[in-house]
Amino acid sequence: MNLIFSSSYIKYDFEVMRYAWILILMVFNGAVAQISFAESSQQVGILASCGYTFLGNGISFYDYDNDGWDDITIASANGDPIYFYKNINGNFVVHNLNVVTENLSAKQVNWVDIDNDGDHDLFITSDNSGVKLYENLGNMIMQDITASSGMLPDQLPYYGASWGDYNNDGFLDAFVSIRDNFIPNILYKNNGNKTFTLANTEAGLLSTGYMSFCSAFLDYDNDGDQDIYVSNDKYTNRNLMYRNNGDGTFTEVAQETGTDISIDAMTVTVGDVNKDGWLDMYITNDPNDSVLFVNNGDGTFTDMAQLYNVTFNSTGWSAVFLDADNDMDLDLYVSGENNGSITSQLSSAFYQNNSDGTFNLNNAAVPNDFAYSYGNAIGDTDNDGYPEIAVNNISHSNIFLWKNNTPDTNNWLKVNLEGTVSNRQGIGSFIEISINGEKQFRYTHCGEGYLSQNSQSEFFGAGQNTTVDYVKVTWLSGIEDILYNVPVNQTLSIVEGSTLSIQDNDLVSKMTYNNPVDEILNITSQDSISDYKIFDALGKEILSGKSSGSNLSINVKHLKQGLYYGWLKTETGFTKTLKLLKN
């Protein structure tokens with residue numbers, strides 16, 4: 001029997017097979033949607049014309065008044081005020097706060113809870129007017145406490161500011177970048193009483209200047225404390241990696257980790273691009289290649305920008321990771337110093353994740369993105385779970401607010417944190433979710449990118465799935481919270497210590513203890529207890545110690561009446577949080 005094949009039939013069969021595989025991928029990984037953003041600043045009520053500022057200004061896309069809607073704060077040129085735009089159901093109105101910012105060339109604006117009282121205070125850096133710290137007295141009534149804060153009054157060339165709890169005392173500390181060849185960056189230790197101490201010497205920071213633009217707190221080695229990476233300008237200044245030694249000091253290990261690059265480094269953008277549970281970093285550059293440091297999981301990084309196709313090759317500034325279409329992987333948006341006049345260079349770049357370790361340049365997703373752009377940040381203007389991008393431009397008629405118009409064919413989850421033992425904002429926490437065995441990770445920041453601040457909500461794409469198997473939060477305190485079988489398309493708020501951890505739920509026997517407690521706290525556990533800590537209601541550590549055996553007695557007679565938290569660790573490595581009421 002002779003078999004005759006037609007080439008048209010073969011082509012048809014291949015197309016059918018290809019289409020079938022696309023359908024399979026859609027079912028298991030999420031619907032394929034055309035990512036689409038549209039510039040919408042004036043449409044939603046924003047008109048902020050920033051003048052010319054040398055090396056740009058920052059932007060915050062953060063819910064500063066705790067009403068559940070992401071607001072926008074815009075750092076502006078000298079002579080112009082900082083713009084505060086309050087989000088009211090997806091539309092923005094000018095918010096007149098009692099914050100004096102005229103004649104201030106603002107670089108970074110951070111909304112940060114310095115005193116763990118639940119409202120957001122305001123920190124501003126400037127390259128011509130020093131730093132400013134405003135305490136939120138409640139109901140957005142702001143009071144300038146710069147003079148009493150202990151921060152230096154000097155008018156230094158300040159740029160980025162990032163906040164983290166490097167000594168794990170429950171209060172957020174500040175790392176302030178100074179763009180100067182001789183003046184070192186500043187680490188301010190939060191004293192817990194609305195004052196700060198210059199901690200450079202005691203923390204072991206380098207004592208020379210590095211022309212630093214910005215930094216980010218991150219836990220690059222997954223040891224539970226916060227390290228700091230610093231981006232430095234000019235090829236004569238290598239970037240820095242400060243490894244946290246766990247005792248309030250740092251060791252500079254950029255060479256050891258392979259991150260001591262010497263480029264025109266601007267942003268420090270942190271995310272887990274390959275979903276392996278280790279934090280990666282994207283560093284923008286001049287028209288030479290930008291850098292994507294992929295974490296090897298052994299204390300070192302490898303630059304994978306060329307392999308991942310995200311070199312940019314234009315003068316890049318801020319960058320942000322986001323899952324624009326909620327298909328369960330991180331895309332990348334980069335702002336650039338080009339208004340379209342230099343046709344050989346990109347003005348910006350939207351890199352779409354191909355879910356295979358590579359990215360595809362898809363600038364059709366953000367059309368006509370032509371401006372001198374510096375700071376960018378993500379938030380959710382309308383609470384639909386699809387993140388928007390806000391960009392601060394200079395010498396332009398307005399900022400850009402890129403509304404996410406991607407068809408909402410995929411599901412999502414947003415997570416908000418509230419610390420009790422750790423800092424109130426939950427900064428420095430790892431969030432892990434799992435959907436059908438596929439994990440995603442986020443790490444919480446305050447001050448990230450280039451002079452920017454993203455939403456307090458962490459965004460996760462869920463694809464076509466309707467349930468997240470579990471959401472796990474590992475706080476800086478070491479406490480772990482976990483929720484199972486979480487429905488999608490909601491904003492999930494998690495309070496530290498409010499749930500049992502995976503270990504508690506599955507493997508640790510019950511602990512019994514007297515509560516309320518008068519003088520002696522007696523704890524009985526089936527598993528031997530190795531370590532314990534007692535924290536006050538603001539997260540400050542009061543007591544700590546070692547133990548052995550399954551019975552533990554702690555003298556708390558000297559503690560004042562009120563609410564406390566106990567943290568216990570067993571010899572098998574599991575942890576437990578107790579809420580205590582002291583009579």
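Which residue in strand 43 is the bridge partner of Gly-562? Keep the question in mind; the tour comes to it at the third stop. The model is predicted.

**Stop 1: confidence**

Colour the chain by pLDDT. The average over the chain is 91, and 92% of the residues score at least 70. Now select residues 1–29, where pLDDT stays under 50. For this stretch the model has 10 contacts beyond four places in sequence. Select residues 501–509 next: pLDDT is below 50 here too, and the stretch has 22 contacts beyond near neighbours in sequence. Where pLDDT is low, the predicted coordinates should not be read in detail.

**Stop 2**

Ile-74 is found opposite Tyr-83 of strand 4.

**Stop 3**

Select residues 529–536 and 562–570. These are strand 39 and strand 42, an antiparallel pair with 7 bridges. Click on Ile-529: its bridge partner in strand 42 is Thr-570.

Strand 42 pairs with strand 43 over 8 bridges, in the antiparallel sense. Here is the answer to the opening question: the bridge partner of Gly-562 is Lys-582. Between strand 42 and strand 43 the hairpin has 4 residues, and Gly-573 in this hairpin takes a positive phi near 95°.

**Stop 4: two loops**

Go to Met-140, in the loop between strand 8 (131–136) and strand 9 (142–144). Met-140 has a positive phi, near 65°, although this residue is not a glycine.

Then go to Pro-516, in the loop between strand 37 (511–513) and strand 38 (520–525). Is the peptide bond from Asn-515 to Pro-516 cis or trans? The bond is cis, with omega near 5°.

**Stop 5: cavities**

How many cavities of 30 Å³ or more does a search of the whole structure find? The search finds 2.

The largest cavity holds about 40 Å³ of space. To find it, select Phe-175, Asn-185, Asn-200, Leu-205, Leu-206, Thr-208, Tyr-210, Leu-240 and Tyr-242, which line it. This lining has 6 nonpolar and 3 polar residues, and no charged ones.

The second largest cavity has a volume of about 30 Å³. Among the residues that line it are Gln-108, Gly-160, Ala-161, Cys-214, Ser-215 and Glu-448. Strand 10 (158–164) and strand 14 (212–218) each supply at least two residues of the lining. By class, the lining of the second largest cavity has 3 nonpolar, 6 polar and 1 charged.

**Stop 6: an annotated stretch**

Finally, select residues 426–492. In the model, the chain over residues 426–492 is 57% strand and 0% helix. Draw a distance between the end C-alpha atoms of this stretch: they are 14 Å apart.

How values were computed
Residues numbered from 1 in each chain as written. Predicted model: local features only at pLDDT ≥ 70, side-chain atom pairs only at ≥ 80, totals over all residues. Heavy atoms only, no water. 1 Å grid on protein atoms, 1.4 Å probe; cavity = no way out; pocket = protein on both sides within 12 Å on 5 of 7 lines; lining within 4 Å. Points joined across faces, edges and corners; volume = space filled by probe spheres on them. Nonpolar A, V, L, I, M, F, W, Y, C, P; charged D, E, K, R; others polar. Pairing = 2+ DSSP bridges. pLDDT = per-residue confidence, 0-100. Contact = heavy atoms within 4.5 Å.
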